[in-house]
Amino acid sequence: FVLMHGGFPRTRELADLAKRFANVVVDISWLPMLSQPAAASAVAEFVTLVPHHKIVWGGDAVFAEETYGAFKIGVEAIARGLAQLVEAGWVNAVDAVDLAVHIMGKNAREVFGLR
């Protein structure tokens, strides 16, 4: 099950489901469009609660312009959430960049079998 929009507004409940069940994946698509602060906080929480390979980003958009805007806002939210963890000492900057790369593409390729 790929649960979209980060479960907003029930992000913590989604994190709990993804942590407990092997077949649940967190997709944060559209969450940054709904709320930038909620998305950044949710990313930080997902990274601390959910196995890292189960967090993906998807655009959930129709038009090219919307896709580009969703991508830019998504990157910003992920960066803010990971920056919170770096500042708190939970991860170092190198690991945060690696997490971002996985969330923004590598994890989805694995989940959906896109080699």
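Me: What covers the buried residues of α3?
Reply: This is a predicted model, and in it the cover over the buried residues of α3 includes α1 (11-20), β2 (25-27), α2, β3, α4 and α5.

Me: And which residues of α3 are buried?
Reply: Q36, A39, A40, A42, V43, A44, E45, F46 and V47.

Me: What is E45 in contact with, leaving aside its neighbours within four places in sequence?
Reply: With those set aside, E45 is in contact with T11 and R12.

Me: What about R10, where does that lie?
Reply: R10 lies in the loop between β1 (2-3) and α1. With a relative accessible area of 52%, R10 is exposed. From R10 to A42 it is 9.8 Å in space, C-alpha to C-alpha, and the two are 32 residues apart in sequence.

Me: Which peptide bond is cis in that loop?
Reply: The one from F8 to P9, where omega is near 5°. P9 lies in the loop between β1 and α1. As a rule, most peptide bonds are trans.

Me: What about the phi of W30?
Reply: That one is near 70°, again a positive value in a residue other than glycine. You'll find W30 in the loop between β2 and α2. W30 counts as partly exposed, at 25% relative accessibility.

Me: Changing topic: how many aromatic pairs are there?
Reply: The count comes to 1 aromatic pair. W57 and F71 form it, edge-to-face, at 5.9 Å centre to centre and with 75° between the planes.

Me: Why does that pair tie together parts that are apart in sequence?
Reply: W57 lies in the loop between β3 (55-56) and α4 (64-88), while F71 lies in helix α4, so the pair links parts 14 residues apart in sequence.

Me: Are the two partners buried or exposed?
Reply: W57 is buried, with a relative accessible area of 15%. F71 counts as partly exposed, at 37% relative accessibility.

Me: How far apart are the end C-alpha atoms of α4?
Reply: They are 36 Å apart, which agrees with the 36 Å that its 25 residues should span at 1.5 Å a residue.

Me: What about the end C-alpha atoms of α3?
Reply: Those are 20 Å apart, which agrees with the 20 Å that the 14 residues of α3 should span.

Me: Last one: which residue takes a positive phi just after α4?
Reply: G89, with a phi of about 85°.

Key
Residues numbered from 1 in each chain as written. Predicted model: local features only at pLDDT ≥ 70, side-chain atom pairs only at ≥ 80, totals over all residues. Heavy atoms only, no water. Phe/Tyr/Trp six-rings, centres within 6.5 Å; stacked < 30°, edge-to-face > 60°. Helix = DSSP H or I, 4+ residues; strand = E, 2+ residues; numbered from the N terminus. Buried < 20%, exposed > 50% of the residue type's maximum accessible area, 1.4 Å probe, protein only. Expected span 1.5 Å × (residues − 1). Contact = heavy atoms within 4.5 Å.
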